[in-house]
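Please read the following briefing alongside the sequence and the coordinates. The points are grouped by topic.

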Amino acid sequence: MRERHPLVAIAKHKGPSHATLPRLVAEGHAGAFDFIAVGGDRGAAGALADLVFAFMLCRPGGVIACTDYGAAQHEPLLDRPKLAVDGFTACYAEKVRMLVDVTFDQLYVQKLAD
């Protein structure tokens, strides 16, 4: 579904992220998005996969929101989205920068380069 605003086009893609994000890459949408929100509802491994696909879909200068960064701190380590986000930002350290977050439950990452 595409919503229009005079200056902004918003595309909402509904579905499980583990199916939707790879499909968008396969359909040729790499580098097409300015903003992507990634949740951590599938544990660290699922969140890490989502972040890698989100990175592919995001254009340089765009932002990826990690919406559950501070969540599940009482859960086992492999169920925490924070583990995936920290691993992702370490692996892509030369291609992203973390933006300031005031809530700690969310972290924003700006893509600097492909």
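Predicted model: local features only at pLDDT ≥ 70, side-chain atom pairs only at ≥ 80, totals over all residues.

**Helix H3 and its two sides**

On the face of H3 that is turned away from its buried side, the exposed residues are Ala90 and Cys91.

*Buried side of H3*

- Helix H3 spans residues 81–91, and within this helix Pro81, Ala84, Val85, Phe88 and Thr89 are buried.

*Overall fold and confidence*

- The protein contains three helices and six strands, which follow one another from the N terminus in the order β-β-α-β-α-β-α-β-β.
- Of the 114 residues in the protein, 30% are buried.
- When contacts between residues at least 6 apart in sequence are considered, 60% of them join residues that are at least 24 apart.
- The mean pLDDT of the protein is 87, and 89% of the residues score at least 70.
- Confidence is highest in strand S4 (residues 58–66), with a mean of 95, and lowest in strand S1 (residues 2–4), where the mean is 57.

*The largest pocket*

- The largest pocket has a volume of about 730 Å³, and the elements that contribute two or more residues to its lining are strand S2 (9–11), helix H1 (17–26), strand S3 (33–38) and helix H2 (43–57).
- Strand S3 gives the most to this lining, with six residues.
- In total, 27 residues line the largest pocket, and those lying nearest its centre are Ala11, His13, Phe35, Ile36 and Ala37.
- Sorted by class, the lining of the largest pocket consists of 14 nonpolar, seven polar and six charged residues.

*Leu57 in helix H2*

- Leu57 is part of helix H2, and this residue counts as buried because its relative accessibility is 1%, whereas the cut-off for a buried residue is under 20%.
- Apart from neighbours within four places in sequence, Leu57 is in contact with Leu21, Leu24, Val25, His29, Ala30, Gly31, Ala32, Phe33 and Ile36.
- Ile36, one of these contacts of Leu57, is also among the residues that lie nearest the centre of the largest pocket.
- Between Leu57 and Phe35 the separation is 22 residues in sequence, and their C-alpha atoms are 9.3 Å apart in space.

Notes: Residues numbered from 1 in each chain as written. Heavy atoms only, no water. pLDDT = per-residue confidence, 0-100. Helix = DSSP H or I, 4+ residues; strand = E, 2+ residues; numbered from the N terminus. 1 Å grid on protein atoms, 1.4 Å probe; cavity = no way out; pocket = protein on both sides within 12 Å on 5 of 7 lines; lining within 4 Å. Points joined across faces, edges and corners; volume = space filled by probe spheres on them. Nonpolar A, V, L, I, M, F, W, Y, C, P; charged D, E, K, R; others polar. Buried < 20%, exposed > 50% of the residue type's maximum accessible area, 1.4 Å probe, protein only. Contact = heavy atoms within 4.5 Å.
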